[in-house]
Amino acid sequence: MTNIPKDLLYTKEHEWIRVEGDVGVVGITDYAQHALTDIVFVELPAQGKKIDQSKGLTVVESVKSVSDVYAPVAGEVVEANSSLKANPELVNHDPYGKGWIAKLKISSKDQLKTLMGPEQYEKYLQEQKH
Amino acid sequence: MKTIFENGGEGRAAVQFSDDQYPTEAPKIEDRFRRKNLKIPEVSEIEVVRHYTTLSKRNYGVDLGFYPLGSCTMKYNPKVNEDMAKLEGFTNIHPMQPEELSQGALQMLFELQEMMKEITGFDAFSLQPAAGAHGELVGVMMIKAYFQKHDKKRKKILIPDSAHGTNPASVTLCGLETQEVKSDGNGNVDLNDLRQKMNDETAGLMLTNPNTLGLFDQNIIEICKIVHEKGGLVYCDGANLNAMVGVTKPRDAGFDIMHVNFHKTFSTPHGCGGPGAGGVGVVGKLASFLPKPMVNQTNGMYHLDYNIPDSIGKVKSYYGNFGVLVKAYTYIRALGPDGLKRVGQNAVLNANYMRVKLMKHFDLPYKRICQHEFVISDRNMPNGVTTMDLAKRLLDYGYHSPTIYFPLIVHGAIMIEPTETETRETMDSFIETMLKILQEAQTTPELVKGAPHTLPVKRLDGVKAAREPVLTAR
Amino acid sequence: MDFVPHTRKDIEGMLKEVGVNSLDDLFRDIPDNIKIKGGLKIPASLDEKSVSDLVGGLSKKNVNSKQYVSFLGGGCYNHFIPSAVAHLVYRSEFYTAYTPYQPEMSQGILQAIFEFQTYMARLTGMDLANASMYCGASALAEAMMMAKNHTNRKKIVISKAVNPEYRQVVQTYATANELEVVEIKVGNDLATDFSEAVDDKTACVIVQYPNFFGTIEDLEKISALAHSKGAVAIASVQEMYSLGMLRPPGELGMDIAACEAQSFGNPISFGGPHLGVIACKTDLMRRIPGRLVGKTTDSEGKEGYILTLQAREQHIRREKASSNICSNEALCALAATIHLSMLGKSGLQKASEICAKNATYAKKRFEGLKLHLLNQNIYNEFCVEIPNADKVFEKLVEKKFIPGIKLWKYYPEMKNGLLISFTEMNTKKEMDEFFSALEGSL
């Protein structure tokens with residue numbers, strides 16, 4: 001069963017964001033890591049990179065594919081998870097914890113309203129299956 | 001097995017040069033430009049010969065057995081082609097030597113251009129690209145250049161969902177955008193989807209025909225018409241030309257540009273993945289965009305022609321993969337019109353023979369007469385045995401596996417292309433083996449899942465290779 | 001002649017299995033009006049003897065380097081190839097195989113390519129190298145694309161002393177990608193002076209090493225300049241024998257070496273197939289186009305080789321791929337690997353030195369004839385001015401010498417300039433013959 005924590009917001013592209021004050025921690029969902037299979041590389045976004053909502057934040061690479069990770073909301077990268085450099089498999093093992101990808105300083109909190117809550121995301125996943 | 005870098009010993013050498021033939025004065029190269037260390041092995045000739053002979057025995061080619069790798073056209077490579085390409089008058093000629101001293105080479109290239117025009121039906125044909133994907137890149141560059149001149153807003157290229165990965169990659173490399181077109185239930189391009197997506201911002205459609213399902217698009221003339229009516233160009237990925245050679249000319253279906261893989265249809269070997277040679281044929285209105293140079297003839301003298309007004313430029317140093325083109329030329333001259341027709345006909349016969357026999361036991365998603373290849377799915381395989389398992393088990397039985405997991409629109413795709421050069425007996429044995437593996441999947445699935453068992457290595461860890469890349473010997 | 005094994009009976013039997021009446025029935029999806037009627041209009045088929053005679057005849061209409069004494073180089077070099085190279089490369093387990101997509105069955109070529117990557121990385125002083133590219137020119141163009149993607153910049157600064165053939169290919173790729181190419185003139189000793197040319201919009205600086213004219217460029221200075229503006233420093237190496245003697249680009253701060261490795265084990269072959277290769281530093285690893293072989297282990301822990309980092313490639317990344325390359329020049333890479341193993345350390349050093357010695361000797365002889373040399377700090381080729389060069393050239397060709405490349409064809413300002421190149425295939429005796437012929441032709 002796909003793990004969908006209750007305290008996060010989700011995108012249709014299967015990213016999650018955890019809001020901590022002005023900063024949003026971003027990663028890919030359990031569903032996404034499972035679909036990608038073994039992740040072998042995560043490109044770390046540069047600190048200070050400014051990015052618009054739904055634009056390519058970075059890419060994750062599995063043996064089978066390379067996928068874009070989109071910014072759930074607009075913001076500026078304040079930190080990237082440097083431990084993924086040596087251990088990209090953290091995204092597989094702990095997608096919502098040690099496998100976080102970047103922290104964004106959120107430009108406009110209004111954009112958070114455009115994201116899905118956990119129930120909505122779960123429903124969305126159900127729909128995707130059909 | 002040890003690498004060459006772990007062989008040999010200090011002071012050993014396979015090649016010597018005797019000093020007495022050369023001048024003695026040392027070159028005056030400043031010390032700061034001079035190399036301080038060179039980590040190259042020191043091995044004797046016998047060590048080199050044994051090392052690479054041993055490596056060759058850990059490899060598998062068409063000369064050893066059946067190689068039904070779909071979309072790759074692994075046909076027999078006639079030995080005479082190799083001998084021709086090895087002739088000193090071809091290998092030892094410099095691309096910059098005066099044209100008067102290279103008339104044989106230029107004549108060969110000119111005649112090959114002419115023969116390819118006839119075989120494909122196009123008005124002009126370039127031999128510049130080094131491989132199929134390179135030909136594609138050239139083709140898309142030409143489409144872009146053409147619309148830069150005539151209609152700048154056209155920046156989108158339509159590509160069916162069954163296409164080779166090189167197609168979208170070529171488009172992006174030229175700064176154009178791709179848009180996917182659906183296939184219909186019969187494996188043809190979905191005409192409605194095409195009509196809807198084709199507009200005045202579309203530069204054209206890239207289509208593999210026969211497509212990667214091995215099917216000749218039944219609406220090909222209509223497809224070209226739809227694209228042309230909206231002002232677009234139709235590009236033919238000629239990877240599968242083997243099915244139609246001598247039977248139909250792609251130009252006649254309405255295509256405007258096409259690339260050809262000489263190493264497939266015209267049997268210059270694949271050499272573990274190259275060198276190949278690509279060619280590009282175009283209709284008259286695109287001829288002025290071809291890459292430089294072309295080979296022309298004036299008063300019985302052959303020459304390189306750089307006067308191509310709208311040319312996209314040069315795409316490779318010198319004049320294409322000449323040595324490979326010698327083989328293709330030899331092949332075409334040996335076969336002639338009748339031989340080439342037999343290629344197309346029998347490639348299709350062999351594929352259909354195998355299709356009919358295998359579809360009794362495996363799931364065949366598109367139940368039509370196929371061209372040079374066909375695709376089965378993993379749907380009928382029991383006990384969680386996958387396409388990958390089947391492929392690996394085939395290796396144990398001494399076959400190369402078919403192409404797997406492509407095209408993406410068929411689940412667990414297994415794409416089989418026997419080519420025209422295989423005997424019925426070879427195909428029968430392969431079919432028997434496929435059935436045997438299917439039975440093993442029933443009775444001893446672990447045996448199949450653990451394959452291969454008989455090769456120098458077992459299944460290799462691709463995840464590890466990608467996570468911790470080791471790309472050179474330490 | 002054709003290579004279809006079927007008899008008429010075989011065909012009839014198989015048609016019956018398929019359930020159709022004739023071969024034509026197999027093509028029912030093709031509209032009748034586009035089927036070929038009356039056969040292709042190409043020459044009739046030939047048997048093996050006749051086709052050998054025909055193609056052999058064409059080969060004899062060319063003048064090969066054993067019939068003339070040639071000093072042609074300029075990106076394509078005639079070197080001695082030991083017999084073992086062809087014997088091994090032409091083992092049909094190699095040349096009739098496809099790309100090693102089934103690694104367990106292709107350990108032979110995979111290991112050989114791994115060795116090739118190692119050779120290339122070591123020779124260029126880089127961290128890694130790919131499994132090959134079409135040719136040195138397309139390798140250079142793709143290196144430029146790496147730099148563009150890496151820096152997100154669109155200005156390409158390239159020396160005019162890069163092989164004109166290569167500059168044209170770079171321009172073609174740049175045009176397709178809407179990049180701006182700025183060509184930098186040569187200065188003193190035909191070396192490139194990049195100062196002023198590089199700015200913070202520059203994606204890469206491209207220089208040839210040694211350059212097209214033969215001059216050994218100061219890569220240390222050039223790479224420092226590129227890096228000071230955040231640009232990628234790219235060296236195009238076209239005579240790989242030079243690296244037997246010269247400091248490798250990787251050691252001199254360059255980020256990418258885009259090479260033409262034809263010199264190793266591959267004949268000049270009228271310009272192709274040759275052997276492109278890209279070597280680079282680790283931070284560019286995921287931007288490198290083409291195939292890469294990596295070492296890994298099998299399910300029992302045994303070492304083996306496999307194509308790796310394939311997610312960069314077209315068959316997976318499709319429209320997001322770093323390049324569209326699929327087929328490469330694997331067999332040429334195998335030839336280079338075997339050739340280098342045959343040469344070994346001492347052989348490469350020795351051959352490399354002979355090339356330079358020959359050039360040193362030739363420089364002296366030209367000076368002895370009071371001819372003006374255009375550059376001095378060279379490896380195995382250089383430029384010389386010969387009054388009425390075009391006429392002298394014709395006279396020499398009549399005497400069966402091909403004296404070099406006519407520079408004015410590419411650089412109109414270099415009227416009377418010839419680029420003359422030397423390898424270990426040129427002996428002192430033939431050079432002496434050449435110089436007496438030249439003296440008589442001036």
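Modeller: First, a definition: domain bounds come from an automatic or database domain assignment. Chain B is divided into domain 1 (81-335) and domain 2 (342-449). Their centres, taken over C-alpha atoms, are separated by 30 Å. This is a predicted model: local features need pLDDT of at least 70, side-chain atom pairs count only at pLDDT 80 or more, and totals for chains, interfaces and linings use all residues. Residues are numbered from 1 along each chain as its sequence is written, chains are lettered from A and ligands numbered from 1 in the order in which they are written, and side-chain values use heavy atoms, with hydrogens and water left out.

Colleague: How do you know that domain 1 of chain B is in contact with domain 2 of chain B?

Modeller: Contact means heavy atoms within 4.5 Å. By that rule, 25 residues of domain 1 of chain B are in contact with 20 residues of domain 2 of chain B. The side of domain 1 of chain B that touches domain 2 of chain B has ten nonpolar, 13 polar and two charged residues (nonpolar: Ala, Val, Leu, Ile, Met, Phe, Trp, Tyr, Cys and Pro; charged: Asp, Glu, Lys and Arg; polar: the others, Gly among them).

Colleague: What area do domain 1 of chain B and domain 2 of chain B bury between them?

Modeller: About 1,700 Å², 62% of it on carbon and sulfur atoms. Buried area is the accessible area (1.4 Å probe) that two parts lose on being put together, summed over both.

Colleague: And chain B with chain C: what is the area buried there?

Modeller: About 17,200 Å², with 63% from carbon and sulfur atoms. The contact takes 202 residues from chain B and 193 from chain C.

Colleague: Why is the meeting of B:Arg424 and C:Glu17 called a salt bridge?

Modeller: A salt bridge is a side-chain nitrogen of Lys or Arg within 4 Å of a carboxyl oxygen of Asp or Glu. The side chains of B:Arg424 and C:Glu17 meet at 3.6 Å, N to O, so the pair qualifies. The rule finds eleven salt bridges across the interface of chain B and chain C. Across the interface of domain 1 of chain B and domain 2 of chain B, it finds zero.

Colleague: Which helix gives the largest share of the side of chain B that touches chain C?

Modeller: Helix α11 (residues 322-358) of chain B, with 28 residues. Helices are DSSP runs (H or I, at least four residues), numbered from the N terminus.

Note on methods
Helices (H or I, at least four residues) and strands (E, at least two) are DSSP runs, numbered from the N terminus.
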